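The sequence and the structure are shown first.

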Amino acid sequence: MDIGEVAKLSGLPASTLRFYEQKGLIRSNGRHGLRRQFNEQVLQQLALISLACQVGFSLDDVGQMFQRADGEIDRQLLRDKAAELNGQIRRLTRMRDGLLHAVECQAPSHFECPNFLRILKLAGRRPRAGKNSTPSA
């Protein structure tokens with residue numbers, strides 16, 4: 001398949017495909033005139049890159065995934081990302097539940113609601129130092 005067909009089938013612009021190739025995430029198998037040629041497996045690789053980016057992997061992480069000699073994806077890397085996503089899901093669920101409580105709360109003011117005040121107290125805490133936290137001033 002030439003780069004135009006891959007772009008059409010994947011929904012990605014040719015410039016993105018060239019960028020991914022430059023980063024070593026995909027490989028063309030030659031050229032037909034000036035147009036890069038790819039085998040059909042590239043569509044699967046592009047789907048994997050898309051999935052990885054959607055769950056929060058960087059393109060550098062994706063590149064590391066593709067570096068294994070046996071072609072397998074590092075299962076521990078996937079396990080770690082799944083654990084990170086579980087933490088995000090728990091935090092987002094608490095936030096959603098807090099917002100829904102604020103909508104339904106019968107207290108005269110949100111600032112008179114013990115549950116809402118507890119949510120504010122939790123929201124005001126600084127995140128623990130780690131990969132996704134911001135440095136303190």
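Does Arg36 count as buried or exposed? Arg36 counts as buried, because its relative accessibility is 19% and the cut-off for a buried residue is under 20%. The model under discussion is a predicted one.

## Overall architecture

The protein chain contains 6 helices and 2 strands. Followed along the sequence, these elements come in the order α-α-β-β-α-α-α-α.

The chain has 137 residues, and buried residues account for 20% of them. Its accessible surface is about 10400 Å², with 53% of that area belonging to carbon and sulfur atoms. Among contacts between residues at least 6 apart in sequence, 40% join residues at least 24 apart.

## Arg36 and Glu21

Arg36 lies in strand β2, while Glu21 belongs to helix α2. The side chains of these two residues form a salt bridge, with an N to O distance of 2.5 Å. The pair connects distant parts of the chain, since helix α2 spans residues 14–22 and Glu21 is 15 residues apart from Arg36 in strand β2. Both Glu21 and Arg36 are buried. The two side chains are also joined by a polar contact of 2.5 Å.

When residues up to four places away in sequence are not counted, Arg36 touches Met1, Asp2, Ile3, Arg18, Glu21, Ser28, Gly30 and Arg31. With its own neighbours within four places left aside, Glu21 is in contact with Ile26, Arg27, Ser28, Arg36 and Phe38.

## Other salt bridges

The structure holds 5 salt bridges. One of them pairs Asp2 with Arg35, whose closest N and O atoms are 3.1 Å apart. This pair also links distant parts of the chain: Asp2 is in the segment before α1 (3–10), and Arg35 is in strand β2 (residues 35–36), 33 residues apart. Asp2 counts as partly exposed because its relative accessible area is 23%. Arg35 is likewise partly exposed, at 41% relative accessibility.

A further salt bridge joins the side chains of Glu84 and Lys81, at 3.3 Å from N to O. Both residues are in helix α5 (residues 75–104); they are 3 residues apart, so about one helical turn separates them. Glu84 is partly exposed, with a relative accessible area of 24%, whereas Lys81 is buried, with a relative accessible area of 7%.

## The nonpolar core

Which residues touch the most other members of the largest nonpolar core? This core has 16 residues, and those with the most contacts to other members are Val6, Leu17, Ile26, Val42, Leu46 and Ile49. Two or more residues are contributed by each of α1, α2, α3 (41–54) and α4 (59–65). Helix α3 gives the largest share of the core, 4 residues.

Ile26 shows how this region is connected. Not counting residues up to four places away in sequence, Ile26 touches Leu17, Tyr20, Glu21, Phe38, Val42, Gln45, Leu46 and Ile49.

Phe111, Leu117 and Leu120 make a nonpolar surface patch of about 290 Å². Leu120 is located in helix α6 (residues 114–124). With 37% relative accessibility, Leu120 counts as partly exposed.

Arg118 is partly exposed, with a relative accessible area of 46%. The C-alpha atoms of Arg118 and Gly98 are separated by 9.6 Å, and the two residues are 20 residues apart along the chain.

Note on methods
Residues are numbered from 1 along each chain as its sequence is written. This is a predicted model: local features need pLDDT of at least 70, side-chain atom pairs count only at pLDDT 80 or more; totals for chains, interfaces and linings use all residues. Side-chain values use heavy atoms; hydrogens and water are left out. Patches are made of residues with over 30% relative accessible area and no salt bridge: like charges are joined within 9 Å, nonpolar side chains (Val, Leu, Ile, Met, Phe, Trp, Tyr) within 5 Å. Accessible areas come from the Shrake-Rupley method with a 1.4 Å probe; for residues, only the protein chains shown count as cover. A salt bridge is a side-chain nitrogen of Lys or Arg within 4 Å of a carboxyl oxygen of Asp or Glu. Buried means under 20% relative accessible area, exposed over 50%, partly exposed in between (1.4 Å probe, protein chains only). A polar contact is a pair of N or O atoms within 3.5 Å; within protein, one must be able to donate a hydrogen and the other to accept it, and residues adjacent in sequence count only if both atoms are side-chain atoms. Contact means heavy atoms within 4.5 Å. A nonpolar core is a set of buried Ala, Val, Leu, Ile, Met, Phe, Trp, Tyr and Cys residues joined through side-chain atoms within 4.5 Å.
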